[in-house]
Amino acid sequence: MLALVLCCAAANVYAEKADSSKPIELAADRGSLDQKQGINILEGNVVATQGTLSMRADKTIVTRDVQGNQVLQAFGNQAQFRQKLDGKNEYIEGQANRVDYTSMTNQVVLTGKARVKRGDDLVPGEQITYNTVTEIYQVRGSSPSGSNGNKGRVTVITQPKPQDKP
């Protein structure tokens with residue numbers, strides 16, 4: 001498996017910084033809440049939001065530790081997330097069969113037919129780890145015997161920077 005680390009530091013753009021200090025709000029068709037254990041299970045058209053970060057899934061499990069840190073696991077036929085970039089009217093979007101978000105580390109892990117898109121730039125892979133604060137990606141392709149034709153390789157599509165008009 002090939003691992004590729006992409007850093008968008010050159011653009012010096014970050015995900016909305018205030019999001020991590022905001023509460024996570026969940027909405028779904030049905031839910032099971034265990035406040036003593038700190039486990040919430042939501043199913044059916046689940047929408048989770050934390051500031052400008054939003055996630056959509058068929059099923060979501062949210063756990064909370066004694067310090068208040070939350071872990072959100074989203075499952076579905078392409079669970080999705082979207083977050084506004086700090087100081088810009090631009091969003092980063094991702095989708096996968098499973099999306100895990102950890103509030104303490106600001107990490108989103110997309111697993112299974114994963115894709116992350118920012119503007120026209122696209123990063124597909126079998127698993128993508130994305131830090132919503134630093135905007136650092138770690139991408140893993142499919143297994144070398146994968147049937148998608150990429151055979152373990154990672155593809156990154158980036159667009160050229162627009163030229164200033166004279």
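Student: In strand β9, which residue is the bridge partner of Arg 118?

Tutor: The bridge partner of Arg 118 in β9 is Asp 121. This is a predicted model, in which local features need pLDDT of at least 70 and side-chain atom pairs count only at pLDDT 80 or more, while totals for chains, interfaces and linings use all residues. Residues are numbered from 1 along each chain as its sequence is written, and side-chain values use heavy atoms, with hydrogens and water left out.

Student: What makes β8 and β9 a pair?

Tutor: Two strands pair if DSSP finds at least two bridges between them. Strand β9 (residues 121-131) and β8 share 10 bridges in the antiparallel sense, and therefore they meet the definition of a pair.

Student: How do you know that β7 and β8 pair, and in which sense?

Tutor: Strand β7 (residues 91-102) and strand β8 (residues 107-118) have 9 bridges and run in the antiparallel sense. In one of these contacts between strands, Asp 100 has Val 109 in β8 as its bridge partner.

Student: What lies between the strands of each hairpin?

Tutor: The hairpin of β7 and β8 has 4 residues between its strands, and Asn 106 in the turn has a positive phi of about 60 degrees. The hairpin of β8 and β9 has 2 residues between its strands, where Gly 119 in the turn has a positive phi of about 60 degrees.
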